[in-house]
Amino acid sequence: HDVAGLAALLKHRQPAWTPDMIKSALMTTASQTTTLGNPIAGNPFAYGAGWVNPNSAINPGLVYRLRPQDSVAFLCGQGLMTGSVCKVRNITVHELNVPSVAVSQLAGSQTIKRSVQNVTNKTAMYTASIEGLAGFDVVVTPNKITVAPGATASFTVKFTRTTATLNAYTFGALKWTSGKYIVRSPIALRPVP
């Protein structure tokens, strides 16, 4: 797929959406199967969130918002920006509110925080579930969220290594489900001693 073209199509259908909303919608509604219905083969880093589904992305249910000030705080935290703007706040990559999670050096356990915004016109209750991530104990708090139209809900996800192989990536996803909506966030974890 030409993702730039799909993003333009989505912007045409949802003119008030920002680039972060479009990216989130495209990622969280992507399919993990090919057009023939077979699971996508290969390394998850190679195919990312999956096969883009533009029809689902137009109405994704929830989106992850990345505010400009968070991007600036991240650049400051990485030392890529300096000056008075960096005195306000510095954050790490784990604190960015993006629709995926990657932890390359997970020693013991790691907690990440995210928030989602309801982009529908109805209040909905979503339930969290975890896909994959063998060898990890994963706790989503809260594991049910109710979100009014335009409102946001925050949650944390704590990953604790149990039997996962050290120094190797384990893949999976966090899924928020409400009726026809499945909002899927890919996860890649690499436990270290």
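**A disulfide, a helix and a sheet**

Cys86 is buried, since its relative accessible area is 13% and the cut-off for buried is under 20%. The model in which this residue sits is a predicted one. Cys86 has a partner: a disulfide joins this residue to Cys76, with an S to S distance of 2.0 Å. A search of the whole structure finds one disulfide. Cys76 lies in helix α5, which covers residues 68–77, while Cys86 belongs to the loop between α5 and β2 (101–106), so the bond ties together parts that are 10 residues apart in sequence. Cys76 is also buried, because its relative accessibility is 8%. The disulfide has a handedness as well: the torsion about the S-S bond is about -75°, so the disulfide is left-handed.

Which residues of α5 are buried? They are Asp70, Ala73, Phe74 and Cys76. These residues cover an arc of only 160° around the axis, so they lie on the same side of α5. After α5 comes Gly79, which has a positive phi, near 80°.

The next feature is a sheet. Four strands form an open sheet in the order β1-β3-β7-β5, and their pairing is antiparallel. Strands at the edge pair on one side only; here these are β1 (62–63) and β5 (136–141). In general, the strands of a sheet pair through backbone hydrogen bonds, either parallel or antiparallel. For Val63, the bridge partner in β3 is Gln117.

Leaving aside residues up to four places away in sequence, Gly150 touches Gln117, Asn118 and Thr120. Where is Gly150 placed? This glycine is in the loop between β6 (144–147) and β7 (152–161). Gly150 and Thr120 are 30 residues apart in sequence, yet their C-alpha atoms are 7.3 Å apart in space. Is Gly150 buried or partly exposed? Its relative accessibility is 44%, so Gly150 counts as partly exposed.

Conventions:
Residues numbered from 1 in each chain as written. Predicted model: local features only at pLDDT ≥ 70, side-chain atom pairs only at ≥ 80, totals over all residues. Heavy atoms only, no water. Disulfide = S-S within 2.5 Å. Helix = DSSP H or I, 4+ residues; strand = E, 2+ residues; numbered from the N terminus. Buried < 20%, exposed > 50% of the residue type's maximum accessible area, 1.4 Å probe, protein only. Pairing = 2+ DSSP bridges. Contact = heavy atoms within 4.5 Å. Arc of directions from axis to C-beta.
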